[in-house]
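Student: I would like to know how the labels used for a structure are decided. Could we take some of them one at a time?

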Amino acid sequence: MSESFEPKIVGFLCNWCSYAGADLAGTSRMSYPQNVRIIRVPCSGRVDPLFVVKTLIDGADGVMVLGCHPGDCHYQQGNYIAQRRYSIMHRLLEFSGLETDRLFVDWVSASEGKKFSEVVTSFTEKVRNIGPNPLRKKAESGIDVLEEVSS
Amino acid sequence: MTFIEDQIRQTARKYLENDEVSCVIGYERDTRGRSRPVFIESVDQVDRLVWGPDCNLNLASYLHERKHSPGKDQPIPKTAVVLRPCDTRAINLLINEQQVARENVRIIGVTCEGSEINGSLRVDCEFCQERVPPLYDDLILTELPVEVPESADPYADINEMDQWTPEERLAFWTSEFDRCIRCYACRQACPGCYCFECVAEKLDPHWVSIALEVPEKMFFHVMRAYHLAGRCVGCGACEAVCPMDIPLGKLNRKVAKEILELFDYRTGDSIETHPPLVCFNPNERLNL
């Protein structure tokens, strides 16, 4: 692993809690790694686990899904459903050969700007340690989706 | 003609003579002696029906083609199907998901001695404790009582793979998926795969390219395993039809094992219970 490896991380953030939490981290001048590319979604229940698989297949080194704390969902039940989905998808991805730490699911509320910067920092560090996504090499032969998104 | 075949033919004859069903779905022998599905629509064809350990498909998947009315003012056709115990669990699932109406299906449930793929007993059958269908209209008995194997851990091979390093698992699946030709036979044979348009073939959004590369194949198989989470009955039809002999059942059984541990749920136990991924419990906190 070369020291210059900078992981590409895609974060799916719930509009009502985690995105606002990320906003708070920004307005409070907290620093967090710039490796994470944030996609705003209406709810963590909107993040079909296939988004995660697709993102990883297309070459992301890590994916994080952040939503409201259980009980706080703007749509009452979205994060409960997400919780069940990711408990299965996480184990399935692990079984099919990806490292456990490539997917991270957690709850971050709108007031937890500090927690947001902390989880992003620790997740980036974990992904940096496990190295590049093994599926990425193949994906680079096609269009680099992540480059397109972030440019 | 074996004892089982005799009963299957008698039952089929009864249904067709009484005009209770318009079709009986079972197995016949092809010209090379292999089993294949057959649709019997008249009484004089009943003697084509056979049974054997190589009858390893799930005929419940053919009900999807017969669930709609064939024309205006015509009733939905009634069908009788020859099913193993694991296959009848799929009927429970399909009734729960409102794909099949109970009154339109007659289940000819066969007491199962285990089915074979390429001449060797299926992994699931080695430990299977369920030899009598949980749901049937007619029960086909075997000549001798079926020996139920001693209970052992049915997920021993999955637990072993869980001990591997991620690199080993990736290497294993890469070599397996490398053979996949994306014929989608696994999907076609599956009673749970009845989407009108499959994610793998959708163009808008274009989920996955048609490239024959490992990431694309992995996407397809992981997607299928996820969509069958809590819905796979473990009938092994996907493995039976796979022309490249990919152990697809391992993915499904891994998910089934996790579903059993997390939600204490087994697919097809009853018509009432919903698969765990379509509902939720506000009081549970899962380890993500």
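Student: What makes Cys190(B) count as buried?

Tutor: In this predicted model, the relative accessible area of Cys190(B) is 11%. Buried means under 20%, so Cys190(B) is called buried.

Student: Why is Cys183(B) called partly exposed?

Tutor: Its relative accessibility is 41%.

Student: What makes Cys17(A) and Cys68(A) a disulfide?

Tutor: Their sulfur atoms are 2.5 Å apart. The cut-off is within 2.5 Å, so the pair of Cys17(A) and Cys68(A) is counted as a disulfide. The structure holds one disulfide over all chains.

Student: Which parts of the chain does that pair link?

Tutor: Distant ones: Cys17(A) sits in the loop between β1 (9-14) and α1 (18-27) of chain A, and Cys68(A) in the loop between β3 (62-67) and α3 (78-95) of chain A. The two cysteines are 51 residues apart. The link of Cys17(A) and Cys68(A) is right-handed, with 100° about the S-S bond. Both Cys17(A) and Cys68(A) are buried.

Student: How do you know that Cys183(B) is in no disulfide?

Tutor: The nearest cysteine sulfur, in Cys186(B), is 6.3 Å away.

Student: Why is α5(B) called roughly perpendicular to α7(B)?

Tutor: Helix α5 (residues 166-178) of chain B and helix α7 (residues 214-227) of chain B pack at about 95°, with their axes 9 Å apart. Angles of 65 to 115 degrees count as roughly perpendicular, so the label applies to α5(B) and α7(B).

Student: Which residues of α5(B) and α7(B) meet?

Tutor: From α5(B) come Leu170(B), Thr174(B), Phe177(B) and Asp178(B), and from α7(B) come Val214(B), Lys217(B), Met218(B) and His221(B). Four of the residues in this contact of α5(B) with α7(B) are nonpolar, two are polar and two are charged.

Student: How many residues does each chain give to the contact of chain B with chain A?

Tutor: Chain B gives 43 residues and chain A gives 32 residues. Between them the chains bury about 3500 Å², 72% of it on carbon and sulfur atoms.

Terms used: Residues are numbered from 1 along each chain as its sequence is written. Chains are lettered from A and ligands numbered from 1 in the order in which they are written. This is a predicted model: local features need pLDDT of at least 70, side-chain atom pairs count only at pLDDT 80 or more; totals for chains, interfaces and linings use all residues. Side-chain values use heavy atoms; hydrogens and water are left out. Helices (H or I, at least four residues) and strands (E, at least two) are DSSP runs, numbered from the N terminus. Buried means under 20% relative accessible area, exposed over 50%, partly exposed in between (1.4 Å probe, protein chains only). Axes are lines fitted to C-alpha atoms, for helices over the stretch in contact, and angles run from 0 to 180 degrees between N-to-C directions. Angles under 35 degrees count as roughly parallel, over 145 as roughly antiparallel, 65 to 115 as roughly perpendicular and the rest as oblique. Contact means heavy atoms within 4.5 Å. Ala, Val, Leu, Ile, Met, Phe, Trp, Tyr, Cys and Pro count as nonpolar, Asp, Glu, Lys and Arg as charged, and the others, Gly among them, as polar. Buried area is the accessible area (1.4 Å probe) that two parts lose on being put together, summed over both.
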